[in-house]
Each structure stands twice: as structure tokens, then as C-alpha cells.
Amino acid sequence: MVELTLFVIFGLAAVFGAVSMVWARNPVYSALGLMLTMLSIAVFYVSNGGYFVAVVQVIIYAGAVMTLFLFVIMLIGVDKSEERTERLPVQRPLALGLLALFAAGVLWAGRLVWVTGAPAGVVPVDGSIEAIGTELFRKWVLPFEVTALLLIIAAAGAVALALFREDGGDE
Amino acid sequence: MIINQFLVLAALLFSIGIYGVLVRRNAVLVLLSIELMLTAVNINLVAFGSYIQDTLRSGQVFALFVITVAAAEVGIGLAIVVLVFRNRASANVDELDLMRW
């Protein structure tokens, strides 16, 4: 019962943050809305036993990534209001109709039984740092190393993009 | 524990993310919507991993990998956005028609 109450509260918070992210005219409000969504989703991770993933979610997403987004929003200006007129006239009612159909489909599918298998909810899976690290460095060590390669490539690519000049010569 | 509530919530958040990608014209907002979609996928991964009681913790480990890839993607994407803004004085995706055929 406590779990369901927590789900309702933070689920509403997550959806509210997402909708305000999509609809806000000011990009700073969009970033703050996504931050609210990320923090709410961290609560869902905790309720599913993923303690370490929740901590990583708060530190990486709500901390580092959102700070990076806010930096870029400050760099390229916040007062650029974009126009919202649709150029295709039938697009908006068609989208609303399809949205209603899709929402009905999701709500109908949510009542079905999707997963069979292990009995649910006997013991929550242990998602502590110790358990995650044991499996991460034993079973999943090769994807972990490939992730390090990916991060190096991303950092080098960002530096290369920052040094790029229009006339072809680098600094 | 019921898993359907998490699946429905993840589908909702993913749909809102798709809407943001399709509708918003600011490139930073498009990247924010992509982040929302990736996080919605993470909800599914962690919920399923908790549901089937996986001893390998593959759901949570995959969520960690998705977070890592998202961080790398944000770094590259925002660098590209800043570069485009420096060259074109605009970060709206509907004004970028340099590669239009």
C-alpha cells in the first residue's frame, strides 16, 4: 500500500515534469522539469531495489547532465521564443485523435498480464553497490571495458569539435 | 509487486519524449526529450530485472550502461549544438537545411 501511494505521488510528479519540459517556453524551465522527472524516477529505482542505479541517476542525470544542459542553455541564450504555428492544418486534430487511441491502447494493455515466470515480489532483488559491483566486474566486465572506450571516444570527439574552425586550420 | 504500473508510466514518458522530439524546434529541447526517452527505457529495465529476480542483476547493469551512453551522447550532442550556434547564430532544427537535397 505504501508502495502504491509512493508510485502515484512520484508518477504524477514525473509526468508533470515531462509535460512541463515539453511545453515550457523558457528552456530553463524545461531543464528543471526534466530534473524533477529524473528525481522521481530515482524513487522508482529504489522501490525496485536498485539502490546503486538510483544514486547514479541522481548524481549523473540530475547533477552532471542537467548542469551541462543549463550551461549550454545559458550559452546560446534563453530568450529565443520559438514559433508554435503548425503549417499543416489537419495535423493537430489528427494527432489528438491518434493520442486518444494510443492512450486507450496503453491503458487497456496495462490491465493484461504481460510477464509469466518467477513468482513476483517475494524478495526484492539486491541492488546494493556490493552486489552490482560483483556482477559488473565478473560477468559484465567486457561491456564495462567497451564503455570506457566509448567514453574516451566521446571526450576526444567533443574536444575535436570545440577546436574545429571554419577556415580549416586548427589552433 | 505489480509491474504493469511501471510499464504504463514508462510508455507515457516515452511518448512525451517522442512528442518533444517531433514538435520542439530548439535543438537543446530535442536533446532533452531524447534523455527523457532513454530514462523511460531504464524504468522498464529495472522493473523487469526486479520482477524476474535476476541473480545477474542484468536489468540494473544495463540501466547503468544506458546512463553511460546517454552521458556520452549528451556531451557530443551539446558540443555539436554549440558549434552550430556559433556558425549559424541559431539552434533551431528547422533552420538547418545545409544538407537538404
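At roughly what angle do the axes of helix 2 of chain A and helix 1 of chain B cross, and within what distance do they come? In this predicted model, the axes of helix 2 (residues 27–47) of chain A and helix 1 of chain B come within 13 Å and cross at roughly 160°. Because angles over 145 degrees count as roughly antiparallel, helix 2 of chain A is described as roughly antiparallel to helix 1 of chain B. Helix 2 of chain A passes helix 1 of chain B in a left-handed crossing, and the contact involves Thr37(A), Ile41(A), Phe44(A) and Ser47(A) on the side of chain A, with Phe6(B), Leu9(B) and Leu13(B) on the side of chain B. By class, five of the residues in this contact are nonpolar and two are polar, while no charged residues take part.

Within chain B, helix 1 (residues 4–23) is also paired with helix 2 (residues 27–51), their axes coming within 8 Å and crossing at roughly 165°. These two helices of chain B are therefore roughly antiparallel to each other, and helix 1 of chain B passes helix 2 of chain B in a left-handed crossing. The residues that meet across this pair include Phe6(B), Leu9(B), Leu13(B) and Phe14(B) from helix 1 of chain B, and Val30(B), Ile34(B), Met37(B) and Phe48(B) from helix 2 of chain B. The contact of helix 1 of chain B with helix 2 of chain B comprises 18 nonpolar and four polar residues, again without charged ones.

For the chains as a whole, the contact takes 66 residues from chain B and 81 residues from chain A. Between them, chain B and chain A bury about 6,400 Å², with 73% of this area on carbon and sulfur atoms. Of the area that chain B buries against chain A, 10% is supplied by Arg24(B), Arg25(B) and Leu32(B), more than by any other three residues. Zero salt bridges are counted between chain B and chain A.

Technical notes. Residues are numbered from 1 along each chain as its sequence is written. Chains are lettered from A and ligands numbered from 1 in the order in which they are written. This is a predicted model: local features need pLDDT of at least 70, side-chain atom pairs count only at pLDDT 80 or more; totals for chains, interfaces and linings use all residues. Side-chain values use heavy atoms; hydrogens and water are left out. Axes are lines fitted to C-alpha atoms, for helices over the stretch in contact, and angles run from 0 to 180 degrees between N-to-C directions. Helices (H or I, at least four residues) and strands (E, at least two) are DSSP runs, numbered from the N terminus. Angles under 35 degrees count as roughly parallel, over 145 as roughly antiparallel, 65 to 115 as roughly perpendicular and the rest as oblique. A crossing is left-handed if the near helix is turned anticlockwise from the far one by less than a right angle, and right-handed if clockwise. Contact means heavy atoms within 4.5 Å. Ala, Val, Leu, Ile, Met, Phe, Trp, Tyr, Cys and Pro count as nonpolar, Asp, Glu, Lys and Arg as charged, and the others, Gly among them, as polar. Buried area is the accessible area (1.4 Å probe) that two parts lose on being put together, summed over both. A salt bridge is a side-chain nitrogen of Lys or Arg within 4 Å of a carboxyl oxygen of Asp or Glu.
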